[in-house]
Amino acid sequence: MPKGRQKVMVLYLANSALDSPVIGWAVYDGTGETRHMAGDNDTPPYATGLDALKGGWRLFQASQLLPHPRGEEFDLAYLKYEFFFEQWIETP
Amino acid sequence: MSATDGLLGDADNDAGALLSDQQMASFVARGFLRFDAAVPDDINAQFMAEAGEAPEANPGRKLRAAYGRLLAENAIPEIAPGTPLYRAYREGSALQRVLNLPLVRGAIRSLVGDDPVFDHHFLHVTFPPRYHDAGGGENVSQHTHQDSTIDPRLAFDVQIMYYPHAVTREMGGTRFVPGTHLRKVSEVALGRYQNIRGQQHMVCEAGTLLFMHHGIWHGGGVNLSDRTRAMFKIRLHASGSQQRQWDVGEHPTSISQRPIFYVKGQRPADTVANILMTPEPWFEQDTGRLEFVNRIKLWRYLVADPTWDADYWLTRLEHAPRTLA
């Protein structure tokens, strides 16, 4: 069994800037110490993505900005500004 | 016999209490209408008796087996999709009585017209921790999802969520995100979104009804209480026109554009334009404007007026300067 466990936090922001407000979030805890699930909290863990960096989270993926296909400019689907963060937790 | 039983019959002769412009605009903007304690206690009690109770938790008994037995043995019938709604349930049954309440009949008429069609129904039961402990499963909330599958229509189906008993926060309750209904997503593809600003949890009195646009993002909350929670859902759709079926007040062509951006004071909160132009807490800063555009498109469809606009969003996009040639 490898040492260390990953905690993942996904933040959805109000625009592509990392210092814009958090509008959605999810946390998955590979240590097993906490169990997060849909609807478990109505208050975001951080006010902005930048605040998550200040809180010790490492950004490892951000959604791309893609052009809007002609004829589909007004179609909306999934949340647009998705940022994946991690913390690596050392284990004995 | 209660006062509501006498309302059974031809929908054309009894439209019920039609929705107002403001209620329809709120449904278009937010994707739901909530009616607290709308169903009388005697109907709620009758429904609970007809729905039955799951067998008590026993070590080793799988939850799925207990749930399946409840669904198989209760008095709620199997009904084929496509059945006219007002012929779907036995006369005198709790669900027929719910559908014939003036408030319910009027809301249905307003949203999907005068001859609604049954799609499907389901008894959603959320079990307390002892059932999960006994069966060896994990007690978790349902992932947030949009029902059915990708649905590109402008027309919409309605889902009636009926809460026959009081629901506390500890019991979970349906979680939903107002204003998400116009997004075209693929069922539980959005399951990654655990929490979204502005999400609501159904905490309500017995007999509460939630009318939802088919597209609204929602999921069942985790039940941490010691009581089993029940919610009954009926999906229905229009068979005729869905346009101008409510108590249409504001004549759509009489609405003039209100000043935008540079505004000197508060504007009336209860106009259709103001309701449609009210953002949700989760709106992204750019796509929130596209949400407004899509709300206007849906309102145009419902009022059957392809020129209706609010805050110049579509007029600006549709304006075409004359050319010299």
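I began with the contact between the chains, to which chain A gives 23 residues and chain B 31 residues; two residues are in contact if their C-beta atoms, placed from the backbone, lie within 7 Å. The model is predicted: local features need pLDDT of at least 70 and side-chain atom pairs pLDDT 80 or more, while totals for chains, interfaces and linings use all residues. Residues are numbered from 1 along each chain as its sequence is written, with chains lettered from A and ligands numbered from 1 in the order in which they are written.

On the chain A side, I found that strand β2 (residues 22–29) gives the largest share, four residues. Helices (H or I, at least four residues) and strands (E, at least two) are DSSP runs, numbered from the N terminus. I sorted that side of chain A into 14 nonpolar, five polar and four charged residues. Ala, Val, Leu, Ile, Met, Phe, Trp, Tyr, Cys and Pro count as nonpolar, Asp, Glu, Lys and Arg as charged, and the others, Gly among them, as polar.

Next I looked up the pairing of β2(A) with strand β5 (residues 195–196) of chain B, which is antiparallel over two bridges; DSSP must find at least two bridges for strands to pair. A:Trp25 has B:Asn195 as its bridge partner in β5(B).

I then turned to helix α1 (residues 21–30) of chain B, which is largely enclosed by the rest of the structure because seven of its ten residues are buried. Buried means 20 or more other C-beta atoms within 10 Å of the residue's own, exposed 12 or fewer, and partly exposed in between, with C-beta atoms placed from the backbone. The cover over these buried residues includes β7 (208–213) and α8 (287–303) of chain B. After α1(B) comes B:Gly31, with a positive phi near 85°.

I noted that α1(B) packs on α8(B) at about 140°, the axes 9 Å apart. Axes are lines fitted to C-alpha atoms, for helices over the stretch in contact, and angles run from 0 to 180 degrees between N-to-C directions. B:Met24, B:Val28 and B:Ala29 of α1(B) meet B:Arg295, B:Leu298, B:Trp299 and B:Leu302 of α8(B). I count six nonpolar, no polar and one charged residue in this contact.

Last, I checked phi. Most residues other than glycine have a negative phi. B:Ala37, in the loop between β1 and α2 (41–51) of chain B, has a positive phi near 45°. B:Ala304, in the loop between α8 and α9 (313–318) of chain B, has a positive phi near 55°. B:Ala37 counts as partly exposed, with 15 C-beta neighbours inside 10 Å.
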